[in-house]
Amino acid sequence: MKTNILLLVSILIVSTGCSQNKKNRDYFFEKIKTEKINSDSLITWNNFGPGMSGYNEEFWIHPTDTNTMFMAPDMHVSYGTWNAGKSWHTIKDSDGNGLDMERVHDIVFSRQNPNFGVAIERAGGVYVSNDRGKSWKIIYTIPRTNSKHVSNAHTKIAINPNNDNEWLIGAGDFWNVKENHRSLKNPHGKISSRASYGYVLKTKDGGKSWSKIATNINKDLDVARIIYNPKNTKNIFIATNYGVYITNDSGANWHLSDKGLPNNLPRDLTSYYNTKTGEFILYLVTQTEYKKDGKSVTSKGGVYKSLDNGASWINCTGNLEINLNKIQFSAEIDRYYKTIGFWFGITKNEAKSKFTVLPNKILPVFNRLVVNPLNKNEIYVSFNKKHDKSFGAGDLWKTENGGKTWFACARQGTYWLSKKDTAYWQSRNNPMGANVTFAHLQRYMNNHAEISGNRMLAINNKGEVFIGIDQQTLKSVDNGKTWHQIDDYETSKGSNKWIGRGDSNLPGRFMLLETGIPNRRLLASGEHGLWQTTTLGNWPNKQAVAVEQIDGQVHDHNRMHGQHSTSTMAVHPKNTNIIYSLAWRQEHRGKLRRTNDGGKTWKNIATIFDVDNNSWEGLAMQYSLTIDPVTPENMYFCAIKKPISEVGSKAPKLTKGGYGFYRSFDGGYTWELSNNGFRKNASVRRIKMDPINSNILYAACNDDNGGLYISKNRGSSWEKHKIPSQIKAVNNVFIDRNSHNIYIAAGRRSGSYEEGGVWMSKNNGKSWLKIFKAPFVWQVETSPVNEDIIVISVVGQANNLIDNFKNPGIYLSEDGANSWKKINKGLGQPNKMVDVKPDPYNENVLWSAGWGSGWFITYLNNSKEPWLIK
């Protein structure tokens, strides 16, 4: 009798608690829907990289504090450092909608107040910071003059050095180096629908009101740089696609500055100012123009300086021209023909047949320059050979004597390692050999012929120089003699084990945390292959995460290439050295790849997909590679018809293969598409094997008439599972291995608030309970060691619905969904975290992957223990 009474009391207590928990949850859901809330302050995500495994578009250095720097990689992230690059942190609002500071075009700081800065990003937002760039607040959105695009790009900012309330912002899309190319037919560059043109914006009251100046130069004015004369701030210089212009009355009137120039087509403008002597010098690099000369070509352009505030220009080009007849560098000869072919509007092969004589003196197309603020005669000029229709040996050129002579000061790749053409380079007093040190890209870079291009160029007030070759940010502290990457730490010299500094631009993809080896986590990435966690050695911070690449650039040598864009992988259940992987773009795309030795060597064992497009473009995006633990010859995966979190998010028409559910019964050698029971054009986004019966599979379909499907015969046929009727698309299905409870994540990018969220079934899908309310959820998983720990990824919706839900990001419940907290602190992409998982062994550890920001780890309950198992 006592037992029954106690049981009844317990039931009453639990029932009352559940009712209160539901009220608390409903209040929480209403709050995160309608107003911005901050994430749990005790939980911070650490970006472990690898570091800048991706292209960096821009780089800025604080004018008076060299410890403070910023970068704008191309995967919609942005980072700052306040310790000279020892660590990097997101400068986006981790608790925002994810669209802020997304593609930053410029960051400028005051010379009077080092904490005050202004930034602009591609969509037209103007931001200010009052804490040296650690946080940013939008104060203005520039109105569009062209309504064809959601973006409203502007180029560069200048702050009056004597008045922090006066700023100038240039219109245009000048630095869009991938698209904005110049040619004989179009010397002023491309006009993009994503930008506004024809003016410079001016504010005199710190952004409260704005006016347009320089409006009568040209309606297509595209502004490259804006420079105030520090001795007279009414005197302002702008470099534009229509020339260098000067005002002496704060922008009321402008006149052209072209005396002494070979053309007035600026590519970059900078200045030198000596505060002690008052000496002020302008430096300009102009567009290289090519002219037909019989069977050869000549060029004009180069570097110029002005000592008289732009009244006239002096040639500093010196010997920047190179003799292509002296260079045994076939890749650059080929690139030369591409360059002049583009200029003249003909193909590369037509250029080869028409201009058979290589020039003895020819200029590449340069596009950036800086001058050492400590030495007016030390000037650097760069080009982006990969993206800006240029050519030439080296990645950065330098003069130490004001332009009389120049040499290639950043050198890498097969050409410089081979020390070819020594006599020619010695005759120019050019150093020989490679002098650039990369992180995990080193082997890849050593085996290619300088094909990557240099994207950015910056210099600080100590004379330290920063460049961006391929997908690494590099620094020189010895005036360009040597260059070293500043994105990753190596655990010990030569280990090839890397700890990211926090500035990852790598597309993080699927994470496989249970690999049969307790301390091995497998991490798939876009463009940088497959990684595994590894030992830290003597690294002092035992909570850090070190990784090593086991497929990708590490295998790019001897004309062999690794897999660069891994989408999904699986480990053989009976042999942990056997790993399978699939890729959706670049090398080995559409093939099933296998290693039998833990990643040392790889072999393609099946070609499943093909498509008629360029190799760097995608084909069918794959996920959920799964191996039957009972019968390992049985393997499954899905090809996604409607990608939503994948980079590119396209499903092209295939020439081999199709979309849907795939299975193999011979260990991956042959595959069949098995869509029997799915509706036509169904998008199978995830599959999940029943943890008790491996013959039973579940499929999450995320098309507009999607849902949850089940197969009880290894995918021979599928039937739709009954779920709540308001759900239109299921993005993820997960089954807790211990309780067998089923979880689904639902919602669409343009769907309603009611149809999305996370649902749970405790009775094999007979009934469902909504445990989280949000319009669009990509992921839900529970901890293998404690089902009360649940993590989900709530993503941002379409731009026109962005205000309907205020708090995308990662959410955590530690009490079985009775309560939730947002845990975004440190995430640079809260609106698109593509994977999130509890650690399979340590319930205080969570892992996540960002769409374009690599991988993250966080520790719960203020844990000080390392994630590595001793």
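**Entry 1: salt bridges.** I started with the rule: a salt bridge is a side-chain nitrogen of Lys or Arg within 4 Å of a carboxyl oxygen of Asp or Glu. Arg194 forms one with Asp173, and their closest N and O atoms sit 3.1 Å apart. Arg194 and Asp173 are both in the loop between strand S11 (167-171) and strand S12 (200-203), so this pair ties together parts 21 residues apart in sequence. I also found both Arg194 and Asp173 to be buried, where buried means under 20% relative accessible area, exposed over 50%, and partly exposed in between (1.4 Å probe, protein chains only). The helices (H or I, at least four residues) and strands (E, at least two) I name are DSSP runs, numbered from the N terminus.

I noted that this is a predicted model, where local features need pLDDT of at least 70 and side-chain atom pairs count only at pLDDT 80 or more, while totals for chains, interfaces and linings use all residues. Residues are numbered from 1 along each chain as its sequence is written, and side-chain values use heavy atoms, with hydrogens and water left out.

**Entry 2: more pairs.** How many salt bridges does the rule give? I got 39 salt bridges. In one of them, Lys822 pairs with Asp95, with 3.2 Å between the closest N and O atoms. That pair links distant parts of the chain: Lys822 is in strand S58 (residues 821-822), and Asp95 is in the loop between strand S5 (89-90) and strand S6 (104-109), 727 residues apart. Lys822 and Asp95 are both buried.

Then I looked at Arg335 and Glu332, whose closest N and O atoms are 3.7 Å apart in their salt bridge. Both lie in helix H2 (residues 330-344), three residues apart, about one turn of the helix. Arg335 and Glu332 are buried as well. I also wrote down a network of salt bridges that links Glu57, Asp74, Arg103 and Arg455.

**Entry 3: cavities.** On a 1 Å grid over the protein atoms alone, a cavity is a set of points where a 1.4 Å probe fits but cannot get out; a pocket is an open set with protein on both sides within 12 Å along at least five of seven lines; lining residues have an atom within 4 Å of a point. Grid points are joined across faces, edges and corners, and a volume is the space filled by probe spheres set on the points. I counted five cavities of 30 Å³ or more.

The largest cavity has a volume of about 70 Å³. Its lining includes His181, Arg182, Tyr290 and Trp343. Which element gives the most to that lining? H2 does, with three residues.

The second largest cavity holds about 60 Å³ of space. Among its lining residues I found Arg509, Trp584 and Glu646. Strand S33 (508-512) and strand S42 (621-627) each give two or more residues there, and S42 gives the most, with three.

Entry 4: I finished with the second largest pocket, which has about 1400 Å³ of space. Of its 44 lining residues, the closest to the centre are Ile61, Pro63, Arg111, Thr270 and Ser271. Strand S18 (266-273) is among the elements that supply at least two residues, and S18 has the largest share, six residues.
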